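Here is a friendly set of questions and answers to read alongside the structure. Shall we take it piece by piece?

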Amino acid sequence: MLLHSATVLLTPALLAAAVDGVLRGSGDPGPAVEWAVVVAVGGVCEALLMPLGTFGAACDARRLRMRLARHLIGLGARRPQPHGESVTQVTQAAVQAGMVPVALAQWTVTLAGSLVALAWLWTTDWRSALAFSLAAPIAVVVARRFIGRVTETHSAYLASQGEIANRLLTALSGARTIRASDTLHAERARVLEPLSELSAVGRRMWRIQRGTVWQFGLLLSLTEALVLAIAGLGVTQGRLSPGQLLAVAGYLQLAFQALRQIEALLTLAQARAAADRVAATLAVPPPVYGRGSAGGPAGVRGSLSLRKVTVRRDGETLLDGVDLDVPAGLSVALVGRTASGKSLLAGLPGRLTEPDEGEVLLDGVHLRDLTAAELRRAVAYAFERPLLIGTTLHDTIAYGRPDTSRAAVERAARLARADGFVRRLPDGYDTPLHSAPMSGGERQRVGLARTLARDDAHVYVLDDATSGLDTVTEAEVSEAVTGALAGRTRLVVAHRVTTAARCDLVVWLADGRVRAVAPHTELWSDPAYRAVFAVEESAVEEEPS
Amino acid sequence: MTEIADWRPGLRLLRAALRGTRAPVLRVAAWSAVEAAPALASGWVLGRALDQGFLDGRPATGLAWLTLLGVLYALRAAAERAVFEPLSHIVEPLRDELVRRLVHGTLYAAVHRVRTADATDVARLTGQVEAVRGIVGALLRTARPLAVTLVAALTGLAVLDPLLAALVGVPLAVAVVVFLVSMRTVIRRRQSYLAAEERVAAVTGEVLAAGRDITALGAEERAASDVRDAADASVATALAVARASAVRAPVVLLGGRLPVLLILLTGPALVQRGGVSAGAVVGAVMYVTVYLVPALELMTGSVAGYWSQLRVLSGRLAAASDVPDVPGVSNDPVPVPAPVSVSVSVSVSAQDVVAEVPREGDLEVRNLTFAYGPHAAPVLRGLDLVVPSGDNLAIVGPSGIGKSTLAGLLAGVETPLDGTVTMAGQPVRPGRVALLPQEAYVFPGTVGDNLRYLAPDLDTAALDRAVAAVGARELVARLGGYDAELTDPAGTLSSGERQLIALARVYASPARVVVLDEATSHLDMAAEAVAETAFAARPGTLVVIAHRLTTAARARRVLLLDGERPVLGSHAELSATSPAYAALVGHWTAQAPRVPQGSRAGRP
């Protein structure tokens, strides 16, 4: 880059010598050849520099991308912004922010080059240099004001844009309802509502640019005319040769280059806004894991203890000082009405829910002291709506455990009753996930298989993981799972009576507190407990037939 | 090696989006001519200033010429200022139109299931619209003066001295041809780069969407490695683009530097022969170095980059905003027949309507056959079913048997392979039957907006009745009433709460046929009973896809979908006559042991 700018800086002086040579009528092609060599070297430098600059920017972008992606993956479900914004940050903002170092480097070299050019001007013709030096500060002031205003407006622009994207996303999630309600046109209007605001901010950005660009243009052009006039007088007085007049014009262009980069400034301003967004995400503290359990108790493992666990969300207390002991190896149903805190509690053993107060212990060890690897090995989850990810179905079930054998995958799938429909797919377990259309129940079964493929965990948390199955299939899956996981601790979020009845113990939650811990049969005599599963009998009896 | 994608759809899209911008385009063109004036005159003026002024010992004349240059510069600044106004009138409407088309195309495709789009696609499309906006703006700002400058500088040069113009023009023409040929590679590689970037977006979107699952699986490393692979591929393709673009340096050397060398080498001979003045040589070098070289750099640099990007991006946007002709689906709002005035008040019962005329609530299914593809096994085959107005039908069966499909067919959302579904003698169509899917759709807006979604003119009293009927009163009160703004319903409301709002919405709608497709699945049983009882008492026809026994037991009739032959009857009839139903019921009742002291049924 330095060699390149050196060639650029030499060019006007050599050109001046060559032109003067021509005008003097000396047949010596020496100066012209010198000029040509320097220019050619400059061209080669540039041809090399361009891929280098791109490479640098691409590497910076990649580094930032990976840092951001790792950070977001680490944050898991606790991301500070909507999904779309997170993806945009990785795909776009990181690239823009990644350009900052290279853009800054180019900016610095250009600036240094301009300073050298200015120095040349001062030594060759101080009058011209003075004219330029008077104009430059004004240009800098104009530019600074411009950057400040553009950054601000650009943020407003991004906000309106994000609003449209989020509205569109919401509408996409309701595609079936929209189709059934025939409300496509109303939805279109609703999504496009912020467009007028976007347009207004967009026009404001143009106005800001307009104000700056013409001031800049006029300032530079008039300075140029003035410098040429001064240099022209110099030619008359014999201070300068005609070739040197060209050199003055050439160096003036170079000196201007630092100021002329409005586009570069704009890009830098946008990159700065992008970098700010990325920085805000990176500033969200990731979950902190411990150094390890240092062995821990041997023998049967998987006992869980909750000590005065309180969880709040938005100022509301959702779990209120919960004390609970789950002995190792038992199956425990979490029962309670909607919003009683079942899923929050189920999130505690795997730190998917972080307690605001109190602590959670696994085999007597604080969860915070376990390393991420220890925690994930010890506690496995299956969800009501599993998000499946992976290349093939095999990869999906073995996700994160690349050494899982086909036999283990098939065994897990059989337990989850997913084996049948997977085999009917065109390439069985090697069918790409994207070309395997699945119903909600089928996805649940593949998700459950993914959990069961981790057969070495001590605690299995099944968070409504079979809700999408019909009763017959659900009963089959439950039996298979109960058999396969005998002796492991199971925490089962249960909506169905059978599920609760199948467990060794029921933890009955109400309003964020544990109301009772007892076997299902004992609790069943309590009408309030039956009411959780609700009115089954009365509805049947009311039925007029 | 990939072929360059067809440029025509993208071009059509841009042309359509730029429609109506003729006036600003003409204004931009006019101002461009003014802007070019200094380029046209500068070398010539400088030559004059030297020959007649500074070199001739008459500085005043030289200064006068340079003053003229100053005036031209001022004129250019004025033109630069003026050009922004029409520019914004081209670029902003272009973006507006692109956004409009994309939103329509994406929504339309998702609603009619032509294509699906997720968060990643939306993020990508947003980025691409912005890129097109930026590129068109930049092209108009930088490339527009480019052509004018090239022509003006060459003209100025020709006026100065035709021989010098030839020395400049020939290498320049060769350079431009070389450059245009190299553009093909650049465009192709840029396509690969864009594909790689899309892959990054897709992988990132997938990985981040599955955040909770990846945490729970402890699969952070695997997820990060997926993103890394995509990011690495993107770096490689970016580098390939840069390498192909590096051709610009030799092109500038050939077209911009070689002419100067030629002038310098032949200059002595030309000046001595007397045909060319010293001022003309200086002026010619000025034209080339101050105007031609920057113009060439611009053309081979940013303009080439912009152009290749624009080609690729507009193609992508055209694909996403494309609204295909789906047979039987009109792009325009379907004129809804005069709505039957239905009071939501429960006092009007379906029985009040005269039975002879086909009633708004009569559903009739004839020989219905449906399959998901031409080669797929039919999900339904030759189904006949009549659901008279006022009926309450529950559809039961094991998962995957086609219950949701039937719900979609009854609501006119799915198109049957064969057979018909009619309501009051007319084919059903979206909008006439209210279908409530399991995933309740609640959008950002007020609670009232959401409740009035299917009946915009509903008064508060009617809303109150609907909200109370489905058991959502407590929820609405907690949210802050009908005027409360729901900014992020997907994030702040639970699935069950969203289902309650959607239930109230459908209850308040004028639809005479309601199909609930597991629409109460996230409610607890008590809440579900309240909602279903309310819908059963609501005038009109109710079809419920049931996933609990209670739903089937509450219904007047039950349709059991089970393999080859669907069976229809009351809960009691089916329990007595259908072994398949009895099996289902057996499982269901096993769930709810009526004798609490009984052994833990089903516990292995």
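Q: Is A:Arg145 buried or exposed?
A: This is a predicted model, so the value is computed from predicted coordinates. A:Arg145 is placed in helix α4 of chain A. The cut-off for exposed is over 50% relative accessible area, and A:Arg145 has 53% relative accessibility, so this residue counts as exposed.

Q: What separation lies between the C-alpha atoms of A:Arg145 and A:Thr212?
A: Along the chain, A:Arg145 and A:Thr212 are 67 residues apart.

Q: Which residues are in contact with A:Thr153, leaving aside its neighbours within four places in sequence?
A: A:Thr153 is also found in helix α4 of chain A, which covers residues 126-173. With a relative accessible area of 6%, A:Thr153 is buried, as the limit for that class is under 20%. Once those sequence neighbours are set aside, the contacts of A:Thr153 are A:Val201, A:Arg204, A:Met205 and A:Ile208.

Q: Which strands are the edge strands of the six-stranded open sheet in chain A?
A: The strand order in this sheet is β6-β7-β8-β3-β9-β10, with mixed pairing. An edge strand here pairs on one side only.

Q: Which residue stands opposite A:Leu509 in β10(A)?
A: Strand β9 of chain A, residues 505-510, runs antiparallel to β10(A), and five bridges join the two. Opposite A:Leu509, the residue in β10(A) is A:Val514.

Q: What angle does the direction of helix α15 of chain A make with that of β6(A)?
A: Helix α15 (residues 440-452) of chain A packs on the sheet. This helix touches β6 and β7 (459-463) of chain A. Its direction and that of β6(A) make an angle of about 170°.

Q: How many of the residues in strand β9 of chain B are buried?
A: Strand β9 of chain B spans residues 513-517 and is mostly covered. B:Val513, B:Val515 and B:Asp517 point one way, while B:Val514 and B:Leu516 point the other way, and all are buried. The count of buried residues in β9(B) is five of five.

Q: What is the bridge partner of B:Asp517 in β10(B)?
A: β9(B) pairs with β6 (residues 433-436) of chain B in the parallel sense over four bridges, and B:Ala434 stands opposite B:Val514 there. β9(B) also runs parallel to β10 (residues 541-545) of chain B, with five bridges joining them. In β10(B), B:Asp517 has as its bridge partner B:Ile545.

Q: What handedness does the β-α-β unit of β9(B), helix α16 of chain B and β10(B) have?
A: The helix of this unit, α16(B), covers residues 525-537. Together with β9(B) and β10(B), α16(B) makes a unit that is right-handed.

Q: Are α15(B) and α16(B) roughly parallel or roughly antiparallel?
A: Helix α15 of chain B, residues 495-508, and α16(B) have axes that come within 11 Å and cross at roughly 10°. B:Leu503, B:Val506 and B:Tyr507 in α15(B) meet B:Ala531, B:Ala534 and B:Phe535 in α16(B). By class, this contact has six nonpolar, no polar and no charged residues. Angles under 35 degrees count as roughly parallel, and α15(B) and α16(B) are therefore roughly parallel.

Technical notes: Residues are numbered from 1 along each chain as its sequence is written. Chains are lettered from A and ligands numbered from 1 in the order in which they are written. This is a predicted model: local features need pLDDT of at least 70, side-chain atom pairs count only at pLDDT 80 or more; totals for chains, interfaces and linings use all residues. Side-chain values use heavy atoms; hydrogens and water are left out. Buried means under 20% relative accessible area, exposed over 50%, partly exposed in between (1.4 Å probe, protein chains only). Two strands pair if DSSP finds at least two bridges between them. A crossover is right-handed if, with the strands pointing away from the viewer, the path from the first strand over the helix to the second runs clockwise. Axes are lines fitted to C-alpha atoms, for helices over the stretch in contact, and angles run from 0 to 180 degrees between N-to-C directions. Angles under 35 degrees count as roughly parallel, over 145 as roughly antiparallel, 65 to 115 as roughly perpendicular and the rest as oblique. Contact means heavy atoms within 4.5 Å. Ala, Val, Leu, Ile, Met, Phe, Trp, Tyr, Cys and Pro count as nonpolar, Asp, Glu, Lys and Arg as charged, and the others, Gly among them, as polar.
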